[in-house]
Amino acid sequence: MKTLVHWRLELLKHLRGPLLGTRAKGTSSNKWLHRQQKDPLVKRAVVEQYRCRSAYKLIELDDKFRFLNKGAVVVDCGASPGAWSQVGAWSQVAAQRVTTTSTNTQEIADLPGVLVMGGSDVTDPLVQERVRELLGRRGADVVMSDMAPNASGIREMDHQKIMQLAESALALSHSVLKEGGVFLCKLWQGPLANVFRSRLKANFSFTKECRLQSTRQSSSELFIYAEQYHST
């Protein structure tokens, strides 16, 4: 008898929907599909009903730093398809969350306990102003970003693009984070990542660069965690 995992992965051969991402037809698409089928975290995400495997990255980070506290107000930048928001909402850590989509303005299916700003580009100053208005005086306890550009294969260009996304998330954090708040973002390894982390020290008492077990070995991905925000 086929399990739910087998049924869902078989369906991916025909419908590559928002659960696990989309890819164009061709050799690269076949390689991507093969990787998805073999990835234990992809299978686990299907069974546990997370929208993608990135949920386990946030779980791993929270296990390490314990920053998703009950009642926290969390801004989830670049949230599509919504796995990071699920982690917070399903564990009932957030009384209110504000979710913005990634810079390609993908829509996000509704999630209980999550305020979804579908089709919003968090790098847009007008969108950031809207987030500030929604939060009001209470501000945010956590600003987190799993944003990444579509990789071109040109390392320097891709590195610059993801750094631009990180800068946008950081700019938002400066305008909404409460004193003592947390900032978390994804980067790809490169010279600008070191500069970015050094700059964080001006406004955060503690910073840490993390390479996660849940990150694929072939990826240059790392996460920067910063806590104890202070505006001056």
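The side chains of K186 and D146 form a polar contact of 3.2 Å. A second polar contact, of 3.4 Å, joins the K186 and E221 side chains. A polar contact is a pair of N or O atoms within 3.5 Å; within protein, one must be able to donate a hydrogen and the other to accept it, and residues adjacent in sequence count only if both atoms are side-chain atoms.

This is a predicted model: local features need pLDDT of at least 70, side-chain atom pairs count only at pLDDT 80 or more, and totals for chains, interfaces and linings use all residues. Residues are numbered from 1 along each chain as its sequence is written, and side-chain values use heavy atoms, with hydrogens and water left out.

**The buried charges**

K186 sits in strand β5. Helices (H or I, at least four residues) and strands (E, at least two) are DSSP runs, numbered from the N terminus. K186 counts as buried because its relative accessibility is 10%. Buried means under 20% relative accessible area, exposed over 50%, and partly exposed in between (1.4 Å probe, protein chains only). Leaving out residues up to four places away in sequence, K186 touches S145, D146, M147, A148, I162, E221, L222 and F223. Contact here means heavy atoms within 4.5 Å.

K57, D146, K186 and E221 are linked in a network of salt bridges. A salt bridge is a side-chain nitrogen of Lys or Arg within 4 Å of a carboxyl oxygen of Asp or Glu. Side chains of opposite charge can pair when their charged atoms come close. The structure holds nine salt bridges. Three of them are listed here.

| Pair | N to O distance |
|---|---|
| E221 and K57 | 3.0 Å |
| R66 and D63 | 3.9 Å |
| R130 and E133 | 3.8 Å |

E221 and K57 are both buried. R66 counts as exposed, at 56% relative accessibility. R130 and E133 lie three residues apart in helix α6, so about one helical turn separates them. R130 is partly exposed at 41%, and E133 is partly exposed at 49%.

**Helix α4**

Helix α4 covers residues 55-65, and its buried residues are A55, Y56, K57, L58, L61, D62 and F65. They pack against α3 (40-47), α5 (83-90), β4, β5, β6 (204-210) and β7. R66 follows α4 and has a positive phi, near 55°.

**The nonpolar cores**

A nonpolar core is a set of buried Ala, Val, Leu, Ile, Met, Phe, Trp, Tyr and Cys residues joined through side-chain atoms within 4.5 Å. The largest has 32 residues; V75, V143, F183, L187, F196, L200 and F204 touch the most other members. At least two residues each come from β1 (73-77), α6 (125-135), β4 (140-145), α7 (155-176), β5 (177-188), α8 (191-200) and β7 (221-229). Helix α7 gives the most, with eight residues. Apart from this core lies another, of 24 residues, including A45, Y50, A72 and V142.

What does F196 contact, leaving aside neighbours within four places in sequence? The partners are M163, A166, E167, L170, F183, C185 and L187.

**Cysteines**

The structure holds zero disulfides. A disulfide is a pair of cysteine sulfur atoms within 2.5 Å. The sulfur closest to that of C77 belongs to C185 and is 9.6 Å away, too far for a bond. C77 counts as buried, at 0% relative accessibility. C210 is also buried, at 5%.
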